[in-house]
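Here is a short report for a reader meeting this structure for the first time. Keep the sequence and the 3D view open while reading.

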Amino acid sequence: KQGIVNSSPIGAEMVDNLRRFQYTDRRLKNKNLIKTRMSYAKILVVDDLITNLDVAKALLAPYDISVDCVLSGEEAIEKIKDNKVHYDAILMDHMMPNMDGIETARIIREEIDGDYAKTVPIIALTANALVGSAQLFLQNGFQDFLSKPVNVTDLDMVLNRWVKRSDMHSEPVKLGIESDDDENPLTNYKIDGVDINGGIARYGGVKQYLQVVKSFVNHTPSVLDKIKDESVVSLHEYAVIVHGIKGAAYGISANRLGRFAEDLEAAAKRGNAQLVAENNSLFIKSVKALLGVLNDLLNTVEIKKDILPAPDINAFINLKQACKEFDSQKMEEILSEIEKYTYQTGGGIVRTIRYLVDNLEYEETIRTLEELIANG
C-alpha cells in the first residue's frame with residue numbers, strides 16, 4: 001500500500017495514466033477475459049503484409065467490429081480523404097515501405113481538411129516497442145500504440161479506451177476456446193520453435209489460429225522472394241521486409257523465426273551488410289522449412305470446406321474490375337470469399353490468381369481472368 005506523499009492534486013492527465021496502468025490483474029485473467037461487443041464500430045487496419053492484416057482481423061473478430069484493411073499508407077490516406085466511412089480508429093503499422101506509419105499519420109493530421117482527420121484515433125502497431133516509443137508516437141499524431149505480437153489484454157484496453165462508446169448498448173462476451181475445440185486436433189501436434197497452444201489462446205480457438213497460419217503459408221513466399229538476393233535491395237528496404245516477416249512470424253507464435261528476423265532487422269538498421277549477407281540464405285532456408293511444416297499441419301488438420309464444382313464466374317468478373325481499379329481491399333475480400341470453398345475443378349487457377357495478386361501482378365491477373373471469363 002502506498003502512503004500519501006502530499007495532498008496536492010495530481011491532475012487529470014496523471015490520473016488517466018495511472019488508470020491505464022491497471023494491467024497486472026487483467027493479464028492474470030487473460031484466459032477468461034470478458035470483452036465487449038462493439039458491433040457499432042468500424043476500424044481501418046493498415047499494414048503492408050496481408051498476413052498481419054489477417055492477424056488483426058482475427059484478434060478483432062470477437063468484438064464484432066467491422067474491419068477494413070489496406071496495404072499501404074497511401075491507401076489509408078485515400079480512405080480518410082474519401083470520407084465515405086468514418087472510422088472509430090485506425091490501427092497502423094509503424095514500418096512500411098515507401099511511406100511509413102509516422103509519415104502517413106502526419107499527412108492525415110496536417111494535410112486533410114476537416115475535424116475527422118484531425119481527431120480520428122490512430123494507434124500504432126509496432127514490433128519495436130522500445131523505451132521512448134510512446135513519446136515518439138504521441139508527438140507524431142498517434143493516440144496510442146500496441147506492441148507486436150499484440151497481446152489480447154493490451155488490445156482490449158486500447159479498444160475500451162478509444163473505440164467503446166458509452167452511449168451504445170454493449171454486450172459482454174467471454175474470450176476463450178470455442179466449445180468445439182474440446183477435441184483439439186492439435187493437442188499432440190508439436191512444431192519446434194512454434195508455440196501452438198499460445199497461438200490458439202491468442203485467437204480464442206483452433207479454427208481461428210489455423211486461419212492465420214494458412215494466411216502465413218499463402219502470403220509469405222511472395223515476401224520472401226523480395227530478399228532472395230539481399231544485394232539488390234538497400235539495407236533500409238531489407239530491414240522493412242524482414243520487419244514484416246518478423247511480425248507475421250510472431251503473429252503465428254513462430255517465436256524462434258521471429259527472433260531470427262528480429263536479429264537480421266537490427267543488423268540491417270545498424271548498417272551491418274556483412275552480417276545480413278552471411279545469414280540471409282540461412283534465414284530464407286529457415287522460413288521455407290517452417291512453411292513446409294506448417295503446410296503439412298494444414299493438410300493434416302484441414303479446415304473443413306464446402307465443395308463446389310468450380311469457382312463462380314461472377315467472382316472472377318468482380319475481381320477483374322477490382323484489379324483494374326487497384327482496389328486491394330476489394331481484391332482481398334473477393335479472393336477470401338473464393339477461397340472459402342474447395343473446388344472439383346479450378347482449384348489450381350485460384351492458387352495462381354492468389355499468387356499473382358499477392359505479388360501485385362495486376363496486369364497479368366487481369367489477362368488470366370479475361371481468359372477464364374472468355375472460356376466461361
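## Basis of the model

This is a predicted model, where local features need pLDDT of at least 70 and side-chain atom pairs count only at pLDDT 80 or more, while totals for chains, interfaces and linings use all residues. Residues are numbered from 1 along each chain as its sequence is written, and side-chain values use heavy atoms, with hydrogens and water left out.

## The whole chain

The protein chain has 17 helices and 9 strands. Both are DSSP runs numbered from the N terminus: helices are H or I with at least four residues, strands are E with at least two. Of the 376 residues, 46% are buried. Buried means under 20% relative accessible area, exposed means over 50%, and partly exposed lies in between (1.4 Å probe, protein chains only).

The accessible surface comes to about 19900 Å², and carbon and sulfur atoms hold 50% of that. These areas come from the Shrake-Rupley method with a 1.4 Å probe; for residues, only the protein chains shown count as cover. Take the contacts between residues at least 6 apart in sequence: 70% of them join residues at least 24 apart. A contact means heavy atoms within 4.5 Å.

## A parallel sheet

An open sheet is formed by 5 strands, in the order β3-β2-β4-β5-β6, with parallel pairing. Strands β3 (66–70) and β6 (144–147) stand at the edges; each has a single partner strand, so one side of each lacks a neighbour in the sheet. From one strand to the next, the twist averages 20 degrees. Two strands pair if DSSP finds at least two bridges between them.

Strands β2 and β3 are parallel and share 5 bridges. There, V45 has C69 of β3 as its bridge partner.

## Strand β4

Which strands pair with β4? Strand β2 (residues 42–46) is joined to β4 by 4 bridges, running parallel. Strand β5 (residues 122–126) also pairs with β4 in the parallel sense, over 4 bridges. M92 takes part on both sides: V46 stands opposite M92, and M92 stands opposite A124 in β5.

Is β4 mostly covered or exposed? Strand β4 (residues 89–93) is mostly covered, with 5 of its 5 residues buried. In a regular strand, side chains alternate between the two faces of the sheet. In β4, A89, L91 and D93 point one way, while I90 and M92 point the other way.

## Helices across the sheet

Helix α4 (residues 73–82) lies across β2, β3 and β4, at about 155 degrees to β2. Helix α5 (residues 101–111) lies across β4 and β5, at about 150 degrees to β4. Angles run from 0 to 180 degrees between N-to-C directions; the axes are lines fitted to C-alpha atoms, for helices over the stretch in contact.

## Aromatic pairs

A search of the whole structure finds 5 aromatic pairs. One of them joins F137 and F145: it is tilted, with 5.7 Å centre to centre and 35 degrees between the planes. Rings of Phe, Tyr and Trp (its six-membered ring) pair if their centres lie within 6.5 Å; planes under 30 degrees apart count as stacked, over 60 as edge-to-face and the rest as tilted. F137 counts as buried because its relative accessibility is 1%. F145, at 24%, counts as partly exposed.

Y203 and Y209 form a stacked pair, 6.4 Å centre to centre with 25 degrees between the planes. Both Y203 and Y209 are buried. Ring pairs also link F137, F142 and F145 into a cluster.
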